[in-house]
Amino acid sequence: MDLLLLSRLQFAVTIGFHYIYPPMSIGLGLILVIMEGMYIRTKNPLYHRMTRFWVKIFGLTFAIGVATGIVMEFQFGTNWSTYSRFVGDVFGSALAAEGIFAFFLESGFLAILLFGWDKVSERTHFISTCLVAFGAMFSAVWIVVANSWQQTPAGHHIVGEGAAARAEVVDFWAVVFSPSSMDRLSHVLMGAWQAGAFLVLSVSAYYLLKGRHVEAARASMKIGLVVAGAASLLQLVSGHESAVGVSKNQPPKMAAFEAHYEDATPGTLYLFGWVDEQTETVKGGLGFPGMLSFLISGDTKQPLTGLRAFPPEDRPPVQLSFQSYHFMVMIGMTLIAVSWGGIFLWWRKKLFRTRWALWVLVFSVLAPQFSNQLGWMAAEVGRQPWIVYGLLRTSEGLSKVVSEGMVLSSLILFTLIYLLLLVLFLFLLDMKIKQGPDDLDPARGHGA
Amino acid sequence: MSLDLNTTWFLLVGILFTGYAVLDGFDLGVGALHLFTRGDDERRLSMNSIGPIWDGNEVWLVTGGGALFAAFPDVYATVFSGFYLALIFLLFALIFRAVAIEFRSKQPMAWWRRMWDISFTTGSVLAALLIGVAMGNLVFGVPVRADGEYGGSFWHLLRPYPLLTGIMTVALFMMHGAIYLVMKTEGELHDKVRGWIRPTIIFFVICYVTTTMATLLYVPHMTEVMRTHPQFFVVALIGMLAIANIPREIHGGRDFRAFLSSSAAIVCLLALFGLGMFPNLVFSDPNPEHSLTAYNAASSDKTLGIMLIIALIGVPLVLAYTASIYWIFRGKVKLDHSSY
């Protein structure tokens, strides 16, 4: 196991685990704003109960998100110190802005959200909920800006030579609005809204199937369906925009996504397939020749850059890029069907009684978790071998004084600790769901 | 002394980490003292005294780290990779502190609650210790190679002086946490915690005096500034007076003023650190010429300028709403249906 592989594996494990939580927090944040907003407007205590219930779950996902998030901020320095020296001006600035503008806001007002029910007016509490939700979304802005700069660097210039070369900011707004950042931001946010919405749908469907907390479940389900339906459709739009952008700004990545080897030829759109990296073909796939070109440019004959235009050492791993991209899209399409199918049944007033549909919704909570992970895998693996596209290779970004033994130790420890946290999280979430929204805990006993 | 961008950022990073020490300092202190409380109610009161605000307090560390990355990337890179295992353990300590608070009271079983009580204390003590060890290493000096990378081992970080500053940090936060608890509790628990003030002050003062003596004897570069600018001695004096003021305020029942004095002591301590270190951020020993400074390890002026604007907009906002939130949660901690 060499240092590069171990460091990449550790980053993958830590970010993969971290990324289970902030999307749920961002999605639940939006839903809390809707639920509490409905309460403020209608004064119906049902919405107040629903809000109280989901706030507790929000608190849980938020806490683990924070705990695992600090790991990420430190990891650029611990394991990727050469990268940090190279990009500190640009990437570090985005991270610092994330802290100053977003983290303080969401963590600060979290106090009122979780604990301030009896200490402030209903309106002030609602404003706090909005600020926490906004803070969560705003933090996504900065981290996506930072990562997008890695994908499509802009607004900087390189100063110095060789080992002393560094990227320095020339135009801050050009860094923030790099060619890919806004498309990717909307894509990330929609993915987060899906994560929150399908969690709410899953729990609501479960309650309806068990005949418990029926009124709250129905109201939650309606809110969940609206958010899920809107987010899933918008996800398709932002996904398309992002893909067009990738094709323009990161051609080897798009070529890897669809295993497009032959250079300057129209591209085939695959629904699925298996890439044979030796023969550079796709086996057992369902492909539509020219359709990739069509989606990107409106012309089925439009030639696209192929992987063969790049020397092998500049190409991303094709199989992993292809599969993660395609499974992400498949899940995305499925979620459109699930959410709009649910909306259709709701319209026909059959949803709450159609048990098989409710069961689909129960299990649908897993889908955005997978598509979010797969999407990031596609984005990051597709960017390889670059850690900053075209400027710095991943292998060049490693820390110089960290040994394989150290990284192996930390990798094992993180994996074990995170597995433990995952089990505990699922256990506590399950307990909370079984308890339900209607019973407010007595002051003694556990402060669930 | 003119305030160029590099000096400004040396100060700002210092302010962010000082804010962290003053705020999460008492969180970690409460955690360190947690196992001295007895009974489920006391344990819950202890955790809930910091329940609403510990997360926001921890953000000062995250933002300080981010600011360090942006303003002094070479320091961020050298220290975080060089002190690798220490940083990893710090992360684990912070993770366990965080989830202990969130998980502890969610289940009624005694073994569950005891496990998370221990986790809360262990995480808090370890975090304080490692932060102090890291700071001590920056002061005492670590081998910095000609290429700016750390040239020592993990065990190198645990030499007597950094270990001493580590223990001193634990002691400082325990004192600060005890005062915070006195401020936030009432009745039996309040009286119990009040009794902890004197031992924690004594513990801290012994550590502080020892560290000061060790610094005077073994770390000449830290005392240089006192020789060339004797007026800075007043900072040390104010710090000592602040500590001396604590028992006076506690005795007079003015708990909040005692807390302010404790906070002032922390500020003075870190001010002395900054004054002594400037312009060094990482002192190199041997080869002091390899030291990483606010000038040779910084980002470009353009970035420092942009970051300054971000800070000037962001920090006052943060201070304003943080103060309001603390105001909303003023008064004694009480357990209700939303508590941990």
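Between chain B and chain A, 18 residue pairs are in polar contact, both residues at pLDDT 80 or more. A polar contact is a pair of N or O atoms within 3.5 Å; within protein, one must be able to donate a hydrogen and the other to accept it, and residues adjacent in sequence count only if both atoms are side-chain atoms. This is a predicted model: local features need pLDDT of at least 70, side-chain atom pairs count only at pLDDT 80 or more, and totals for chains, interfaces and linings use all residues. Residues are numbered from 1 along each chain as its sequence is written, chains are lettered from A and ligands numbered from 1 in the order in which they are written, and side-chain values use heavy atoms, with hydrogens and water left out.

**Interface of chains A and B**

- The side of chain B that touches chain A has 40 nonpolar, 19 polar and 12 charged residues. Ala, Val, Leu, Ile, Met, Phe, Trp, Tyr, Cys and Pro count as nonpolar, Asp, Glu, Lys and Arg as charged, and the others, Gly among them, as polar.
- Chain B brings 71 residues to the contact and chain A brings 77 residues. Contact means heavy atoms within 4.5 Å.
- About 6700 Å² is buried between the two chains, and carbon and sulfur atoms give 72% of it. Buried area is the accessible area (1.4 Å probe) that two parts lose on being put together, summed over both.
- In chain B, Phe69(B), Tyr84(B) and His337(B) lose the most area to chain A, together 11% of what that side buries.

**Salt bridge between the chains**

- The rule finds two salt bridges across the interface of chain B and chain A. A salt bridge is a side-chain nitrogen of Lys or Arg within 4 Å of a carboxyl oxygen of Asp or Glu.
- One joins Arg85(A) to Glu149(B), with the closest N and O atoms 3.1 Å apart.
- Glu149(B) counts as buried at 2% relative accessibility. Arg85(A) also counts as buried, at 13%. Buried means under 20% relative accessible area, exposed over 50%, partly exposed in between (1.4 Å probe, protein chains only).

**Salt bridges within chains**

- Over all chains, the structure holds 25 salt bridges.
- Glu122(A) pairs with Lys43(A), the closest N and O atoms being 3.4 Å apart. This pair links distant parts of the chain: Glu122(A) is in helix H5 (residues 122–151), Lys43(A) in the loop between helix H2 (21–42) and helix H3 (45–79), 79 residues apart. Helices (H or I, at least four residues) and strands (E, at least two) are DSSP runs, numbered from the N terminus.
- Glu122(A) is partly exposed at 35% relative accessible area. Lys43(A) is partly exposed at 47%.
- Lys434(A) and Asp430(A) meet at 2.8 Å, N to O. They are four residues apart in helix H14 (residues 404–435) of chain A, so about one helical turn separates them.

**Buried sites**

- Glu98(A) sits in helix H4 (residues 81–115) of chain A. Glu98(A) is buried yet has no salt bridge; the nearest side chain of opposite charge, Arg184(A), is 13 Å away. For charge, Lys and Arg count as positive and Asp and Glu as negative; His and the chain ends are not counted.
- Beyond neighbours within four places in sequence, Glu98(A) is in contact with Phe103(A), Ser139(A), Trp142(A) and Ile143(A).
- In helix H9 (residues 220–228) of chain B, the buried residues are His221(B), Met222(B), Thr223(B) and Val225(B). Their cover includes helix H6 (110–140), helix H8 (187–218), helix H11 (255–277) and strand S1 (280–282) of chain B.
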